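Welcome! Have a look at the model below, and keep it open while you work through the exercises.

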Amino acid sequence: MRYDLQIIASWIEPGSRVLDLGCGEGELLSFLKKEKQVSGTGIESSEAKVTKCIENGVQILQGDITEEVQDYPDNAFDYVILSQTLQQVLEPDLLIKELLRVGKKIIVSFPNFSYWSIRLQILFFGYAPKNRQLPYEWYNTPNIRIITIKDFRRFVRETGCKVIREVDINTHSDNLQGNIINFLPNLRATYGIFMVSRRNDQS
Amino acid sequence: MSENIEPDRDGISVGQVEKKFHTFAGPPHELVLESGAQLGPITVAYETMGTLNEAKSNAILVTHALSGDSHVAGYYSEDDPKPGWWDTMVGPGKGIDTDKYFVICSNVLGGCMGTTGPSSENPATGRPYGLDFPVVTIGDMIMVQKGLLDHLGITKLLAVVGGSIGGMQVIEWAISYPEIVTSAILLATTTRHSALAISFNEIGRQAIMSDPNFNKGDYYGGPRPDIGLALARMVGHVTYLSDEAMRSKFGRRLQDRDNLSFDFDANFQVESYLRYQGSKFVQRFDANSFLYITKAADYFDVGRQHGHDSEVEAFAKIKSKILTISFTSDWLYPTYQSRNMVKAMKKNGLDVSFCEIEATCGHDAFLLPNERQSTMINRFLKRVSEEENNAL
C-alpha cells in the first residue's frame, strides 16, 4: 500500500465508519475492512476503478466527490479521508467544510508545493515545476490548487478548526516506502498528512 | 427486452431445466390485492437451478422484466434452439453462479407464461378473465413470489436480482421483506416511471385497445389483437435501444433493395426489423398481459406506496446490502433516476454501491453479455455470502 495510506491506516480506530473520497481501486478500504473491521464506503469517478472496488469487496459509489458527500447526514462517519485529491478540487474550502459536517474527523493528504526542489525549479529555471509527484504541464495538470504545508496549517487555523495530528513525509507518489520529516517539513517533505476536526469536538 | 437471445458463446449452460407450477390462495384464502380486490386460486410458474444448501442460505430470486418469464436460463430439452432470457448471466461460473447458488425465477402475476393472468380461466365464469382480471401492482407480484418461497420452504434470500420492471420488484422485496432479503441487485431500474416512460406504455396500450379484434379484452377463442400488440412491441423496442445502437445496427440501410420503392413497404432495414420484432412477439405474448404489466409498472411509486411521498422514508425499512447499476445510453430509465435512488439510500446509511456502465445499447444493456456487469454481480454476491457466513 502507498506510504501515505499506510500512515493514514495507522490512524484509524478499529470498528469505525470511514468514507474514502477518490478511493481508486479501494486498496485502503479493503485493508481497513480486513485488518480493522471498519465499515467503509468509497467514492470514485472512474467506472473502471469502481468496478475494481466492487471486485475487491469494497462498498463504492461512482460519482463526483463534491456532489456525493452532500447526501450524507451530519456525523455519518468517524473519518473522512481525502488523500492526494485536495489539490485537484475546485472549491477546497467548501469541500472541507462539508467533509467536517459528515465526518467527525477528516484526514487530508496533499503534495507540498514548497518542497525544496520545486522551489529551486522556479528559482533557477523559471518554469512551472514538474517532477514525479507533479508530472504535468501547466496546461493539462489536474492539480489546480497550489498548497504548501504552511498554507494548510494556516487554513485550518483561520477556519476555526484544529489539527489533531500532522505527519509530513518524504515519498514519491506511488511509493510503498518513505520517511517522516520532522525538521523543516515545509521545505523537506513531499506530502503533508493532517487529521483535522471541528474546534468544539472533544478528542 | 429483446428477442435476440443467443446461446452462450463459450457453450456453458446450466443445462436442462423444467417449468414447474404451484397453486395456492384457493377459496377461502384468496389473496387481497393492493386495489382491495380478491384473487384466487393463483398458479405460479417457476423454474429453479442449482442446489439449495442444507442451511437454505444460498437462494437467489431473479425477477423478470415486461416480456420475460420463469425461463431465466438453460434449455427445456436437448433440441431446444434457444436458452432462457438471461442465460449469459445465470449458469455455472457465471455472474450468478449456479454451482454456488440456488436460483429461482417465476413468471409475474398478470403474465401469460404460466402464472395466473388475464388469459387464465376465471373460476367464476369458466372463461378467461380478460379485463375482469383485477389490476395488479408490483407489490401484488411480490406477494405471489412470497407464496412460492413459502411453498419451497425458503425463509431467507441471499439476493433478489432484477433489471427494469424486474428491478422494481427487487426494490419492493427489499422494502416489504427486510428480514428476508440479504442483498438487492438493481439493474437499469427506477423507483417510479417518468412521464416519458408512462407515455410509451400508454401508446402501447392504446395501440392494443384500438385494435378491431380487441373486443374489450374478450378475444380469447377468436381473432386476437395482433396488430395492436405488434405495434406496442415496436414502440417498446425502440425505447430499449439507443440512437447510437440503431445508427450502427441499421443506419439508413435499405432492406433487400437498392432503391426506394415509393410506397409504404418496409424500405429501411430498421422498419423491417421492427415489423419482425412485432410479429415474433405476438406469437408468444398475450395483449392483455401487456396492458396489466405495463400498468403495474406505471403505478409503481416507492415514495407514494411506502413513505408518505418520501423515498428516504420508504428506504428506511431496507436492511439489505445494495448494488445498483445503470447504463450511460439508457434513456428509458436514465442514470439520474438511479442516482436519486442511491441518494435516498445514502440518507438512510444503507450499504449501497453504485456503478454507471458505459454502454451504447440503451436500456437493453443489462440483458446483453457484459463482462463488467457479470463480474461485479459475481463479486458482490461473493462478498455478501462471505459476510453472511462470518456473521453466523
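The exercises below go from the whole chains to single residues, each with a worked solution.

**Before you start**

Residues are numbered from 1 along each chain as its sequence is written, while chains are lettered from A and ligands numbered from 1 in the order in which they are written. This is a predicted model, in which local features need pLDDT of at least 70 and side-chain atom pairs count only at pLDDT 80 or more, whereas totals for chains, interfaces and linings use all residues. Here pLDDT is the predictor's confidence in each residue, from 0 to 100. Chain B has a mean pLDDT of 96, with 99% of its residues at 70 or more. For the complex, the predictor gives an ipTM of 0.90 and a pTM of 0.94.

**Exercise 1. Describe the overall build of chain A and of chain B.**

*Step 1: elements.* Helices (H or I, at least four residues) and strands (E, at least two) are DSSP runs, numbered from the N terminus. Chain A has 8 helices and 8 strands; chain B has 11 helices and 14 strands.

*Step 2: extent.* The radius of gyration is taken over C-alpha atoms, and the globule rule is 2.2 Å times the number of residues to the power 0.38. For the 203 residues of chain A, a compact globule would come out near 17 Å, and chain A agrees with its 17 Å. For the 392 residues of chain B the rule gives a value near 21 Å, and chain B agrees with its 21 Å. Along the principal axes, the C-alpha atoms of chain A fill a box of roughly 50 × 40 × 30 Å, and the C-alpha trace of chain B spans about 70 × 50 × 50 Å.

*Step 3: burial.* A residue is buried if 20 or more other C-beta atoms lie within 10 Å of its own, exposed if 12 or fewer, and partly exposed in between, with C-beta atoms placed from the backbone. Buried residues make up 42% of chain A and 51% of chain B.

**Exercise 2. Which elements of chain B each supply at least two residues of the side that touches chain A?**

*Step 1: size.* Two residues are in contact if their C-beta atoms, placed from the backbone, lie within 7 Å. The contact takes 18 residues from chain B and 14 residues from chain A.

*Step 2: elements.* Helix 10 (335-347), strand 14 (352-357) and helix 11 (371-391) of chain B each supply at least two residues of this side. Helix 11 gives the most, with 6 residues.

*Step 3: classes.* Ala, Val, Leu, Ile, Met, Phe, Trp, Tyr, Cys and Pro count as nonpolar, Asp, Glu, Lys and Arg as charged, and the others, Gly among them, as polar. By class, the side of chain B that touches chain A has 6 nonpolar, 3 polar and 9 charged residues.

**Exercise 3. Is Thr190(A) buried or exposed?**

*Step 1: location.* Thr190(A) is in the loop between helix 8 (185-188) and strand 8 (191-198) of chain A.

*Step 2: count.* Thr190(A) has 26 other C-beta atoms within 10 Å, so it is buried.

*Step 3: neighbours.* Leaving aside residues within four places in sequence, Thr190(A) has contacts that include Pro111(A), Tyr115(A) and Ile169(A). The C-alpha atoms of Thr190(A) and Phe110(A) are separated by 8.6 Å, although the two residues are 80 apart along the chain.
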